[in-house]
Amino acid sequence: MPGHSRRAFVRDVALVGGATVVLPAVAATPAAALTGPPKATAAVAAEGAGSAVVTVRPGDRRYPDLTWGSNQRWVGTPDTVQLAGTSAQVLAAVQQAVNSGKGFAVRSGGHCYEDFVTSDRIRTVIDLSNLNEVGYDETRRVFYVEPGARLGDAYRALYHRWGVTLPGGSCPTVGVGGHVAGGGYGPLSRRHGLVVDHLWGVELIVVNSAGQASKVVATREADDPNRGLWWAHTGGGGGNFGVVTRYLFRSPDATGTDPAGQLPKPPSEVIVSNVTWSWSDMTEAAFTRLLRNFGKWYETNSSPDSPYATLFSQLKPQHKSAGSFSMTTQIDASVPNAAALLDSYLAAVNEGTGVAFRVDDRRRISWLHAVTQWPGFTGTDTTTRFKGKSAYMRRGFTNANLGAFWKHMTRTDYAHPASLVMITAYGGRVNTVPAADTAVPQRDSILKLHYASFWTDPAEDAAHLHWIRSFYQDVYAASGGVPASNADTDGCFINYADADLADSRYNVSGIPWHELYFKSGYRRLQTVKAQWDPKNLFRHSLSIRAV
């Protein structure tokens with residue numbers, strides 16, 4: 001997920017604001033030796049020898065901080081939280097959890113939308129926040145990023161040391177672990193594709209049918225016997241197959257041995273913009289024209305060779321009670337006529353509305369500042385209760401979509417400024433990758449939508465959940481209340497996990513939740529699941545079910 005969206009909107013509502021460590025390579029077990037996942041090797045068992053996992057239990061002053069993430073709707077009551085700082089410690093923690101016979105889950109950044117890590121079934125949480133190194137492996141010619149690293153820290157390390165980056169999200173506190181496993185996208189994706197388009201391999205802890213934990217390596221190399229396990233981590237979602245201890249990155253077209261040539265180079269500077277429309281100026285005709293313009297613009301300007309390939313934007317209509325809503329945009333400042341391109345874009349989105357926008361911010365800043373600190377996308381670190389939903393769009397909004405937007409954004413029986421939809425630029429380089437090459441099958445969409453409502457009072461849960469559920473169902477009424485794969489929409493994004501899709505009370509479309517997320521690739525994910533997690537230890541309400 002880009003992640004920046006949640007914080008940016010909370011801010012708007014409030015206003016209305018060293019040395020590189022090269023670790024030794026770990027060899028994958030040859031396929032000929034396998035009848036299932038490999039057993040632990042002496043080298044793996046010895047890694048980190050002499051260190052112990054830090055264990056936190058109820059009563060420890062650290063316990064409250066380690067039993068919930070970014071969504072206060074979900075607070076766990078595990079018997080233990082295991083803080084692992086090495087892959088050997090992860091191996092030990094997983095084996096201990098397996099031996100206990102009780103449910104366990106893994107957390108990296110804590111940004112999960114649902115109760116995957118906090119449900120009553122979970123008695124042990126394996127916390128990876130201390131497994132957070134970023135470095136370069138000269139032997140493999142790959143960058144490694146450990147799952148507990150936060151996106152902001154990973155970007156800073158990659159950029160400062162080597163001048164490269166990954167095209168991931170703009171929320172700097174999101175953990176790499178879940179972000180990559182779900183596909184990972186952000187402001188540079190229209191220019192450089194998804195994060196997983198640059199994923200060369202994964203190192204992870206798996207558990208075989210005998211209940212023995214071990215480390216395995218899986219890469220995208222054609223002759224790698226574990227290639228299917230790599231593929232499953234290119235968008236299959238977190239918490240499904242094992243515990244990733246290291247992601248390995250190299251762009252598919254990278255050549256040579258210079259680390260600076262192995263991953264995309266971000267812009268040096270970007271021009272950022274934030275504009276606002278007042279609800280007091282909005283008529284239904286103006287509002288629907290604005291959203292229609294936004295969708296039509298991306299229908300026309302989403303090819304990878306477009307002069308707008310480096311432009312990333314998010315239109316964020318909020319409920320009318322907020323008083324206004326905004327659109328945040330950035331473009332590579334080095335692109336010829338970048339300022340004029342931005343002006344043209346803003347004019348096109350607003351054309352024919354009959355209303356004017358207010359320019360709140362427009363300046364040229366460094367890319368790293370934009371992705372880690374500028375509040376237009378990153379916002380403030382506010383933790384709330386929330387519910388999120390998603391949709392991919394293959395083309396702009398229909399009249400029925402727009403009617404539903406107007407109805408629910410202007411409802412008078414529900415007035416909550418922190419309810420909105422983040423309509424985000426997509427397409428470009430993302431859509432040059434064949435759908436079957438990764439576990440992200442949505443490879444011809446132009447927009448990604450993130451429906452969200454945020455609140456703090458538990459007594460308001462029912463009201464906010466009803467609003468977002470009814471809104472979502474009305475927008476997609478023509479396809480059974482969900483964004484089915486059709487000419488207009490193409491399912492949902494697993495990193496904006498929505499357990500409603502697996503609940504017959506809320507998904508009455510007859511379309512299985514897994515078809516919305518993974519389409520026909522789900523069958524392949526099931527095969528990987530059966531091979532690498534035969535005991536179904538890694539599971540939650542939207543986890544892959546084995547064949």
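**Close-up views of a predicted model**

**View 1. The five-stranded open sheet.** In this predicted model, an open sheet is built from five strands in the order β5-β6-β9-β7-β8, with antiparallel pairing. Pairing of two strands requires at least two DSSP bridges between them; strands are DSSP runs of E with at least two residues, helices are runs of H or I with at least four residues, and both are numbered from the N terminus. β5 (134-137) and β8 (213-219) are the edge strands, each pairing on one side only. On average, neighbouring strands of this sheet are turned by 25 degrees against each other, direction ignored. Residues are numbered from 1 along each chain as its sequence is written, and side-chain values use heavy atoms, without hydrogens and water. Local features need pLDDT of at least 70 and side-chain atom pairs count only at pLDDT 80 or more, whereas totals for chains, interfaces and linings use all residues.

**View 2. Strand β7 with β8, and the helices on the sheet.** Strand β7 (residues 199-207) runs antiparallel to β8 and is joined to β8 by seven bridges. V206 stands opposite S214 in β8. Helix α3 (residues 87-100) lies across β7, β8 and β9 (243-249), at about 40 degrees to β7. Helix α4 (residues 151-162) packs on the sheet and touches β5 and β6 (142-145), its direction making about 50 degrees with that of β5. Axes are lines fitted to C-alpha atoms, for helices over the stretch in contact, and angles run from 0 to 180 degrees between N-to-C directions; contact means heavy atoms within 4.5 Å.

**View 3. The largest pocket.** The largest pocket holds about 490 Å³ of space. A pocket is an open set of points on a 1 Å grid over the protein atoms alone, where a 1.4 Å probe fits, with protein on both sides within 12 Å along at least five of seven lines; lining residues have an atom within 4 Å of a point. The volume is the space filled by probe spheres set on the points. The pocket is lined by 24 residues, of which D197, H198, S251, P252 and D253 are the closest to its centre. Helices α6 (189-192) and α7 (227-232) each supply at least two lining residues; α7 gives the most, with three.

View 4. I544 lies in the segment after α14 (522-532). Not counting residues up to four places away in sequence, I544 touches G236, N240, F241, F518, Y522, L525, Q526, K529 and N536. The C-alpha atoms of I544 and T527, 17 residues apart along the chain, are separated by 9.6 Å.
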